[in-house]
Amino acid sequence: MQRSYVASIEDITERRRLESQLLQVQKMEAIGTLAGGVAHDFNNILSVVTGYAGLMDMKMEEDNPLKIYVQHILSSVDKAVYLTRNLLAFSREQVIDLKPINLNEAIERAKKILSRLIGEDIDLTTIPADDKPTILADCGQLDQVLMNLAANARDAMPQGGSLVIETSVAEIDEEFAAHQGFGKPGRYAVISVSDTGCGMDKKTQERIFEPFFTTKQVGKGTGLGLSMVYGIVKQHRGFMQVQSEVGRGTTITVYLPLADGEEQKKGSTEEILAGGTETILVAEDEEDLRGIITAILTNAGYTVIEAVDGEDAVMRFEERGDTIDLAVLDVVMPRMNGKEACDRIKSLKPGIPVLFASGYSDDIIQQKGVYDNKVDFIAKPLAPAELLKRIRRILDTWDN
Ligand code: ADP
Ligand code: MG
């Protein structure tokens with residue numbers, strides 16, 4: 001009798017736990033939706049500010065005394081962009097913007113924030129790989145990975161200790177992949193994050209990537225850190241490994257595919273400002289944004305045909321498709337979205353290159369994907385130099 005009584009208490013506890021977990025999920029979802037919505041609109045406003053300030057900066061002579069003010073505007077906008085990116089990441093509305101990144105440099109840049117995050121009692125050392133690995137990654141997301149791993153290491157070393165972040169290059173062969181049960185053979189950049197903290201037993205190690213799995217007190221842990229890291233690494237087609245021993249410390253190893261031969265180019269000013277004489281169709285439903293994109297492109301010498309939504313874009317294309325060299329499409333538009341417009345346009349002129357612009361990730365981008373080389377993607381807010389560079393690159397590769 002007593003036993004069944006005890007069991008029923010446990011049941012309720014378990015149910016309570018699940019209920020509160022569900023509530024927590026719902027709360028996170030609601031906050032995420034709210035934050036994502038605000039961030040999306042805010043991102044569009046930032047596009048306009050960056051756009052016009054960038055244009056001013058490009059047009060001003062070097063010795064113009066007002067130039068410094070414009071540069072202050074631009075650097076403040078950068079900070080606002082960083083904030084909205086974080087909000088979008090949290091609400092999972094973020095699109096990944098893959099760029100060739102020098103991993104060692106990225107870690108060096110993150111070091112300042114990381115050491116502030118872990119505090120003075122923990123000693124941070126970085127050991128960069130000699131062969132300077134380049135990966136295709138989203139900068140903001142890479143920072144999030146590092147920050148989450150460092151925060152966990154900090155929590156594991158309340159009395160202080162040492163944190164080592166090491167990069168290297170590894171060749172994953174069939175045998176290794178088969179042995180580990182994951183990972184495709186190939187060359188990978190490796191980031192290993194080691195601490196001298198409390199470590200984990202096997203049972204904990206098996207669960208650490210589960211969302212909401214935490215061994216920390218309420219208010220201290222959310223159990224979302226490593227599941228976020230896992231999601232990001234997977235999106236980058238990488239994988240992870242955990243080695244840990246109770247009382248001795250933990251090493252978390254992240255493998256990201258190497259971008260061989262894609263050295264990070266810091267384009268010369270000339271390359272960045274390179275314009276052209278081609279004709280570009282721009283479909284964007286927000287008038288201010290359409291205005292700034294048109295201004296940037298016409299300033300660089302292009303002829304622009306504007307469309308107010310997807311349907312309008314298809315109509316313009318039916319009229320003048322033979323003269324259009326590239327279509328720049330907003331992803332989320334009323335009446336007809338960017339993906340549908342793209343399909344219709346490509347059925348009229350299969351070879352036409354398309355550049356999607358969005359601050360949102362939705363299924364359109366996920367499916368059509370940054371990995372599909374027939375469509376290109378640029379994240380909002382659009383900085384003029386970046387937009388021009390991308391357009392030139394697309395037009396040049398498509399000409400061949
Ligand atoms: P949180 O940090 O909010 O608990 P995480 O998903 O980041 O959530 O981590 C999940 C759990 O994995 C932690 O609660 C902890 O038990 C364990 N863990 C993660 N990293 C380490 C580490 N470096 N050392 C010891 N335990 C860790
Ligand atoms: Mg954590």
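**Briefing: cores, sheet and packing helices**

Leaving aside neighbours within four places in sequence, I135 is in contact with K99, P100, I101, L103, L142, A189, L256, P257 and A259. I135 also belongs to the largest nonpolar core, which has 36 residues; I135, L149, L163 and I191 touch the most other members. A second, separate core holds 24 residues, among them A295, L297, Y302 and L382. The model is predicted.

**Sheet**
- Five strands make up an open sheet with mixed pairing, in the order β2-β4-β5-β7-β6.
- The edges are taken by β2 (122-127) and β6 (239-245); each has a single partner strand, so one side of each is left without a neighbour in the sheet.
- On average, neighbouring strands of this sheet are turned by 15 degrees against each other, direction ignored.
- Strand β4 (residues 161-172) runs parallel to β2, and six bridges join the two.
- I127 has E166 in β4 as its bridge partner.

**Helices on the sheet**
- Helix α3 (residues 103-118) lies across β2, β4 and β5 (186-195), and runs at about 180 degrees to β2.
- Helix α7 (residues 225-235) packs on the sheet, where it touches β6 and β7 (249-257).
- The direction of α7 makes about 140 degrees with that of β6.

**T279**
- T279 is placed in strand β8, which covers residues 279-283.
- T279 counts as buried because its relative accessibility is 12%, under the 20% cut-off.
- Not counting residues up to four places away in sequence, T279 touches T303, I305, T323, I324, D325 and L326.

Conventions. Residues numbered from 1 in each chain as written. Chains lettered and ligands numbered in written order. Predicted model: local features only at pLDDT ≥ 70, side-chain atom pairs only at ≥ 80, totals over all residues. Heavy atoms only, no water. Helix = DSSP H or I, 4+ residues; strand = E, 2+ residues; numbered from the N terminus. Buried < 20%, exposed > 50% of the residue type's maximum accessible area, 1.4 Å probe, protein only. Contact = heavy atoms within 4.5 Å. Core = buried A, V, L, I, M, F, W, Y, C linked by side-chain atoms within 4.5 Å. Pairing = 2+ DSSP bridges. Axes fitted to C-alpha atoms, helices over the stretch in contact; angles between N-to-C directions.
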